[in-house]
Amino acid sequence: MSENAEGTWCLIESDPGVFTELIREFGCKGLQVEELWSLEEDDFNRLKPVHGLIFLFKWIGPSTSGTSEGSVVEDSRLEKIFFPRQVINNACASFAIISTLMNLDHPDVELGKVLSEFKDFTKSFDPAMKGLALSNSETIRSVHNSFARQTLFEFEEKSASKDDDVYHFVSFLPINGRLYELDGLRDGPVDHGAISDGKDWTNLVRTVLQERINRYNEGEIHFNLMAIVSDRKTQAERKLADLEAIGQATPDKVLELKQILVEEEAKRSRFKLENIRRKHNYLPLIVQFLKELAQQKQLLPLYEKAKEKSQSRVKKQPAS
Amino acid sequence: SGMQPNSASVDLAAGVNTEFVKRITASPTTVQKLTPLLPRFGYETEKTANQDEVVDTLISPAFQHALSSFCSAFPSGQLGPLVEQFEFGTDAVQAARSGNLEAFLNAIQKEADGKRASDTTEEQKPEDMNVD
């Protein structure tokens, strides 16, 4: 079995279930992660309050970022914004999530012991040192790595990441009335300007993201957007209690909130199930499965069929 | 990438769909053997055999991904040492070391056939008694 050598970070999947559990296992309470499928205003409103966004996209190199939009913060704001430079590969999901969590200031959010202590400890560090400290934090790394798919076939993943597309995570969030982008490959936080008075910050970020996506459109860029939102179950419970306290818990309202509770509970158990499946070592099951197929004389037919499929796939592909 | 098209790309997961898995797990013996190897949840001390649960796991993205990885990693020969932990005969181990998936599966089939033959003919004999 290949173990994770000291200091290595595994690739993890970009998935709301993984991110939600990742945040909980860092010890942070009151949040969950939802995937956004569009930049429509309604989709954002449905998830309110949205505390931050994690944006995953194909990384084409430093030359593509930084053109025209936003400016890198170099002034005293740096003392207030938690920003780590990303100094290692594969950790960008955790870097983006942690960068967001560390900068949240909302009554729904409880950062937890591990992250608060880390934030305190690195307070006076510059971005590079913060990044180094983060990548050396054993607690944070072990939580991150526990969400990797079983590392049994690690070499396969490694060779894939060399040829294939490289993905990168950045986060967007409002800090003191301005929209910032935290990208661990930049020198500092990127300032995308002031959020108009009385407007939700998500209006501004939707414009910024839309421009960026438009820029990529031609080259069929893959991207994926996750929202860090308040724990929806707690929120619904609180609303229900509030309505009851003031005697306004009408049957309609109660039904609506109870429905959210049921949905969220179902979602939680689904996330748990998926994560247990994700972390499982499947080699014994694969081996026994192959043996069972042989017992039932289905193994070689399955192989022949798979071989046919792969050959027809090869034929269809133009030579490269 | 620059790999040879024929050796690297046979993916068994391509044929492991719901219909196939249901057919295979119609055998209670198969379900019984696969059950202890399924992912186990915190509250479970022991799994009870259940066809639905085996089916759900085998068609889950996590298992399918693992099976695909197994197939794509096989030609490298690096699965040899891992496969050796599972009581295979010399042919199967040799095939795994040299990264030949087809030979590996043939060896598994041969072992299964041999075992079945000995199960029926030598059922009464206690196992492993023919030491010299």
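This is a predicted model: local features need pLDDT of at least 70, side-chain atom pairs count only at pLDDT 80 or more; totals for chains, interfaces and linings use all residues.
Figure 1. B:Leu38 touches residues of both chains: A:His280 and A:Leu285 from chain A, and B:Lys47, B:Glu53, B:Val54 and B:Thr57 from chain B, leaving aside residues up to four places away in sequence. The residue lies in the loop between α3 (28–34) and α4 (51–58) of chain B. With a relative accessible area of 4%, B:Leu38 falls under the 20% cut-off and is therefore buried. B:Ala96 is 58 residues from B:Leu38 along the chain, and the C-alpha atoms of the two are separated by 24 Å.

**Figure 2. Contact between chain B and chain A.** On the chain B side 53 residues take part, and on the chain A side 42 residues. About 4,800 Å² is buried between the two chains, and 71% of this area is on carbon and sulfur atoms. Within chain B, the residues that lose the most area to chain A are B:Leu37, B:Phe86 and B:Gln109; together they account for 11% of what that side buries.

**Figure 3. Fold of chain B.** Chain B has eight helices and zero strands. From the N terminus on, its elements therefore read α-α-α-α-α-α-α-α. Of the 132 residues in chain B, 41% are buried. Among contacts in chain B between residues at least 6 apart in sequence, 43% join residues at least 24 apart.

**Figure 4. The open sheet of chain A.** Seven strands form the sheet in the order β1-β7-β2-β4-β5-β6-β3, with antiparallel pairing. Strands β1 and β3 (71–72) are at the edges, each pairing on one side only. Helix α3(A) packs on the sheet and touches β1, β2, β4 (167–175), β5 (178–182) and β7 of chain A. The direction of α3(A) makes about 5° with that of β4(A). Strand β2 (residues 50–58) runs antiparallel to β7(A) and is joined to it by seven bridges. A:Val50 has A:Val229 in β7(A) as its bridge partner.

**Figure 5. Edge strand β1 of chain A.** Strand β1 (residues 31–36) pairs with strand β7 (residues 223–230) in the antiparallel sense over six bridges. Opposite A:Leu36 stands A:Leu225 in β7(A). In a regular strand, side chains alternate between the two faces of the sheet. Both faces of β1(A) are covered: A:Leu31, A:Val33 and A:Glu35 are buried on one side, and A:Gln32, A:Glu34 and A:Leu36 are buried on the other. Because six of the six residues of β1(A) are buried, the strand is largely enclosed by the rest of the structure.

**Figure 6. Helix α3 of chain A and its packing on α4.** Helix α3 (residues 92–102) and helix α4 (residues 113–121) of chain A pack at an angle of about 80°, with their axes 11 Å apart. This angle lies between 65 and 115 degrees, so α3(A) is roughly perpendicular to α4(A). The contact brings A:Ile98, A:Leu101 and A:Met102 of α3(A) against A:Leu115, A:Phe118 and A:Lys119 of α4(A). By class, the residues of this contact are five nonpolar, no polar and one charged. An α-helix has 3.6 residues a turn, so residues three or four places apart point the same way. Eleven of the eleven residues of α3(A) are buried, so the helix is largely enclosed by the rest of the structure. Among the buried residues of α3(A) are A:Cys92, A:Ser94, A:Phe95, A:Ser99 and A:Thr100.

Note on methods: Residues are numbered from 1 along each chain as its sequence is written. Chains are lettered from A and ligands numbered from 1 in the order in which they are written. Side-chain values use heavy atoms; hydrogens and water are left out. Axes are lines fitted to C-alpha atoms, for helices over the stretch in contact, and angles run from 0 to 180 degrees between N-to-C directions. Helices (H or I, at least four residues) and strands (E, at least two) are DSSP runs, numbered from the N terminus. Angles under 35 degrees count as roughly parallel, over 145 as roughly antiparallel, 65 to 115 as roughly perpendicular and the rest as oblique. Contact means heavy atoms within 4.5 Å. Ala, Val, Leu, Ile, Met, Phe, Trp, Tyr, Cys and Pro count as nonpolar, Asp, Glu, Lys and Arg as charged, and the others, Gly among them, as polar. Buried means under 20% relative accessible area, exposed over 50%, partly exposed in between (1.4 Å probe, protein chains only). Two strands pair if DSSP finds at least two bridges between them. Buried area is the accessible area (1.4 Å probe) that two parts lose on being put together, summed over both.
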